[in-house]
Amino acid sequence: MIKPAHPLALDQRDGLPDSLRVLADAYPRGTWEKHENFNQMIQFWMQRHMMFRQLMDLLNKDAEHLMDRKIGFQDYAPRLSHYAGSLLNELHGHHHIEDAHYFPQLIQLDGRIEKAFDLLESDHQAMDGLLHGMANGANAVLQGGEIGTFRDTLTEFGTLLERHLTDEEDIVVPVVLETGFQG
């Protein structure tokens with residue numbers, strides 16, 4: 001029997017459910033930077049998320065350029081290797097630090113959001129599989145595989161990465177604003 005996907009699984013949700021938005025609703029995204037507890041840790045963390053988004057954008061544009069023959073494979077291959085490798089390595093390290101260091105501390109600050117951090121840890125486990133899939137897809141292209149297939153992998157990966165980053169920001173930043181956590 002096939003087990004149905006959990007409705008809160010990364011590939012099943014389109015945002016945080018109301019039950020996990022306790023602090024996100026109290027601290028709307030547009031007010032974050034003006035809050036007195038918006039600190040250097042949040043700025044650094046948000047910059048990392050922006051870097052992931054920029055790398056995804058670059059990988060997508062490069063794949064489109066290769067498909068449209070606006071760039072040759074000799075120029076594309078080293079860019080793919082460099083930028084995909086950077087994204088995968090940086091994401092893996094980022095998630096490890098969050099799971100091992102930040103999330104355990106943040107959970108203790110406000111028990112109302114413990115299930116939200118369980119969700120993020122579940123996302124990280126799902127992202128591990130997606131990271132491997134993207135690495136395999138990039139390696140296949142570098143070995144002469146079809147760019148269209150990899151472009152589909154990039155699109156799916158980027159959609160799920162964006163879902164995760166947005167939800168993670170909506171959980172973590174409000175906790176920091178509420179508590180003044182410095183990391």
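Modeller: Buried means under 20% relative accessible area, exposed over 50% and partly exposed in between, with a 1.4 Å probe and protein chains only. This is a predicted model: local features need pLDDT of at least 70, side-chain atom pairs count only at pLDDT 80 or more, and totals for chains, interfaces and linings use all residues. Residues are numbered from 1 along each chain as its sequence is written, and side-chain values use heavy atoms, with hydrogens and water left out.

Biologist: Why is His164 called buried?

Modeller: His164 has 0% relative accessibility. That value falls under the limit for buried, so the label applies.

Biologist: Where is His164 found, and which residues does His164 touch?

Modeller: His164 sits in helix 5, residues 147-179. A helix here is a DSSP run of H or I with at least four residues, a strand is a run of E with at least two, and both are numbered from the N terminus. Contact means heavy atoms within 4.5 Å. Setting aside residues up to four places away in sequence, His164 touches Leu10, His95, Leu120, Asp123 and His124.

Biologist: What makes up the secondary structure of the chain?

Modeller: Five helices and zero strands. From the N terminus on, the order is α-α-α-α-α. The C-alpha atoms fill a box of roughly 50 × 45 × 25 Å along the principal axes.

Biologist: What share of the chain is buried?

Modeller: Buried residues make up 42% of the 183 residues. Of the contacts with a separation of 6 or more, 82% join residues 24 or more positions apart.

Biologist: How do you know how the length of helix 4 compares with the expected span?

Modeller: The expected span is 1.5 Å times one less than the number of residues. Helix 4, residues 114-142, has 29 residues and reaches 42 Å from its first C-alpha to its last.

Biologist: Which parts of the chain do the buried residues of helix 4 pack against?

Modeller: They pack against helix 2 (40-67), helix 3 (73-109) and helix 5. Among the buried residues of helix 4 are Leu120, Asp123 and His124. Those three are also among the residues that His164 touches. Just after helix 4, Gly144 takes a positive phi of about 100°.

Biologist: Is Arg69 buried or exposed, and what makes you say that?

Modeller: Arg69 has a relative accessible area of 76%, which is over the limit for exposed, so Arg69 is exposed. Arg69 lies in the loop between helix 2 and helix 3. Its phi is near 60°, a positive value in a residue other than glycine.

Biologist: Why does Phe38 count as buried?

Modeller: Its relative accessible area is 16%, under the limit, so the label holds. Phe38 is in the loop between helix 1 (22-26) and helix 2. Beyond its sequence neighbours up to four places away, Phe38 touches Trp32, Glu33, Gln43 and Leu177.

Biologist: Why is Thr166 called buried?

Modeller: Thr166 has 18% relative accessibility, again under the limit, so Thr166 is buried. Thr166 is in helix 5. Leaving aside neighbours within four places in sequence, Thr166 contacts Arg29 and Arg53.

Biologist: What makes a space a pocket?

Modeller: On a 1 Å grid over the protein atoms alone, a pocket is an open set of points with protein on both sides within 12 Å along at least five of seven lines; lining residues have an atom within 4 Å of a point. Grid points are joined across faces, edges and corners, and the volume is the space filled by probe spheres set on the points.

Biologist: What is the volume of the largest pocket, and which residues lie nearest its centre?

Modeller: The volume is about 220 Å³. Of 14 lining residues, Phe44, Trp45, His94, Ile97 and Tyr102 lie nearest the centre. Helix 2 and helix 3 are the elements that give two or more residues to this lining. The largest share, nine residues, comes from helix 3.

Biologist: How do the residues of that lining divide?

Modeller: Eight are nonpolar, three polar and three charged. Ala, Val, Leu, Ile, Met, Phe, Trp, Tyr, Cys and Pro count as nonpolar, Asp, Glu, Lys and Arg as charged, and the others, Gly among them, as polar.

Biologist: Which residues line the second largest pocket?

Modeller: Arg29, Trp32, Glu33, Phe38, Gln43, Met46, Gln47, Met50, Arg53 and Glu169. The volume is about 160 Å³. Helix 2 gives the largest share of the lining, five residues. The lining divides into four nonpolar, two polar and four charged residues.

How values were computed: 1 Å grid on protein atoms, 1.4 Å probe; cavity = no way out; pocket = protein on both sides within 12 Å on 5 of 7 lines; lining within 4 Å.
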